[in-house]
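Let's take a walk through a protein model together. Keep the picture open as you read, and look for each part as it comes up.

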Amino acid sequence: MVVRCVQAIGVVLLVARAVDSGILDWARSDKIEVNLPWLPFENETRCYDALGCLNITRSWYHLILRPINLFPLARNVINTRFILYTRSNPNEGTFLRVEDESTIEESHFDPNKSTKFIVHGFIDTPLSNWVRDMKDELIKAGDMNVIVVDWAGGSLPLYTQATANTRLVGMEIAHLIKFLMKKYDIDASDIHIIGHSLGAHTAGYAGSMIPKLGRITGLDPAEPFFQGMPSHVRLDPTDAEFVDVIHTDGKGIIFLGK
C-alpha cells in the first residue's frame, strides 16, 4: 500500500512538472506531424443541405482536452425546431420553419421588435422549467420575439456526439437568422442568443456566422471538450458585438462543476 501511494504521488508530481514546463502544450495535435488513429483525413468535410458544410481539422483536436471529434448527426435526427412566443401567444408556441415561409408570415413574429433565442444544453429539452420561466420573464420584461430552440434530438448521450451536434444546431440558428434578416430586413444587432451549457457554445457557433450579431449570453458554458481550445471551437468574445457569461457553479469538472 505504501509503495502504491508513493507511485501515485510520483505520477501527480510528474504531471505537475509537465504542465509547468509546457510539455503538455505539445499534446495539441496541430503540433504533431503524424496522423494519429483518431484523427480524420485532413480537411474531411460533410455538407448539410442549405446549411452549408462542416469540416474537422487538426485544430479541433487536443490529446487531453478534446481527444474525440465526430460529425453531427443528420438534420432529421437532431430535428432542430424553433418555437416562437410573444405577448400575443405567451403560452402556446408557434413553430417557425424556413422551409415553409407561411409558418413565419402567419405567426406573431414582429420584425420591428427585438428577438431573443433560448438554447438548452446537454440532456435537456424546451420543456425544462428554467426554459419556460426564462421565456415568461423575458416576455414580461419587454414586448419582444422569444424563440426557443429545441434540439432535444441531438442533446442526448453520448456527450461526445452531443458536443458535435452543437455545430449543426448553430448552423440551423444562423440559417434562420439570415433568412429573417433577408426577408424582413431585421438588424443583427437586435438579436440576442441565450445558451445554457452546450447551448452556450451553440450560440457561439451561430454568432460566428452572423456578422455584428447583437449579443450572446452564455449560462454556465460546458467545460469538457471546450476549455483551453482555440476560439473557433468554443464560445468566444468575437462571436457577437457583446458576449457575457454567467457562472453559477465555480467548481471544476472533477468536482461535478461546469
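Predicted model: local features only at pLDDT ≥ 70, side-chain atom pairs only at ≥ 80, totals over all residues.

In general, strands of a sheet pair through backbone hydrogen bonds, either parallel or antiparallel.

Now find the sheet. Seven strands form it, in the order S4-S3-S6-S5-S7-S8-S9; the sheet is open, and its pairing is mixed. Strand S4 (89-96) and strand S9 (242-246) are at the edges with a single partner strand each, so one side of each has no neighbour in the sheet. Direction ignored, neighbouring strands of this sheet are turned by 20° against each other on average.

Let's step inside the sheet and stop at strand S5. On one side, S5 and S6 pair in the parallel sense over five bridges, and here Val119 stands opposite Val149 in S6. Strand S5 (residues 115-119) also pairs with strand S7 (residues 191-196), again in the parallel sense and over five bridges. In that pairing, Ile118 stands opposite Ile194 in S7, while the bridge partner of Val119 in S7 is Gly195.

How many residues of S5 are buried? Five of its five residues are, so S5 is mostly covered, where buried means under 20% relative accessible area. In a regular strand the side chains alternate between the two faces of the sheet. You can follow this along S5: Thr115, Phe117 and Val119 lie on one side, Lys116 and Ile118 on the other, and all are buried, leaving both faces covered.

What lies across the strands? Helix H4 (residues 129-141) lies across S3, S4, S5, strand S6 (145-150), S7 and strand S8 (215-219), and runs at about 170° to S5. Together, S5, H4 and S6 make a right-handed β-α-β unit. Helix H6 (residues 198-207) packs on the sheet as well, touching S5, S7 and S8, and its direction makes about 150° with that of S7. Ten of the ten residues of H6 are buried, among them Leu198, His201 and Tyr205. The buried residues of H6 pack against S5, helix H5 (159-184), S7 and S8.

In soluble globular proteins, nonpolar side chains tend to be buried together. Here the largest nonpolar core has 48 residues, and those with the most contacts inside it are Phe82, Phe117, Ile173, Leu176, Ile177, Ile193 and Leu213. Strand S2 (53-56), S3, S5, S6, H5, S7 and H6 each supply at least two residues of this core. Its largest share, ten residues, comes from H5.

Next, look for the disulfide; the structure holds one. Cys47 and Cys53 form this link, with their sulfur atoms 1.9 Å apart. The angle about the S-S bond is 95°, and the link is right-handed. Are its two cysteines buried or exposed? Cys47 counts as exposed because its relative accessibility is 53%, whereas Cys53, at 44%, counts as partly exposed.

Our last stops are about the backbone. Most residues other than glycine have a negative phi, and most peptide bonds are trans. Which peptide bond is cis in this model? The bond from Pro157 to Leu158 is, with omega near 5°; Leu158 is found in the loop between S6 and H5.

Asn79 has a positive phi of about 55° although it is not a glycine. Asn79 sits in the loop between H2 and S3 and is partly exposed, with a relative accessible area of 40%. In that loop, between helix H2 (75-78) and strand S3 (81-86), you also find Thr80, which counts as buried at 14% relative accessibility. Beyond its neighbours within four places in sequence, Thr80 is in contact with Arg75, Val149, Asp150, Trp151, Val169 and Glu172. Phe225 has a positive phi too, near 80°. Phe225 lies in the loop between S8 and S9, and counts as buried because its relative accessibility is 14%.

Technical notes. Residues numbered from 1 in each chain as written. Heavy atoms only, no water. Helix = DSSP H or I, 4+ residues; strand = E, 2+ residues; numbered from the N terminus. Buried < 20%, exposed > 50% of the residue type's maximum accessible area, 1.4 Å probe, protein only. Contact = heavy atoms within 4.5 Å. Pairing = 2+ DSSP bridges. Axes fitted to C-alpha atoms, helices over the stretch in contact; angles between N-to-C directions. Right-handed = clockwise from strand over helix to strand, strands pointing away. Core = buried A, V, L, I, M, F, W, Y, C linked by side-chain atoms within 4.5 Å. Disulfide = S-S within 2.5 Å.
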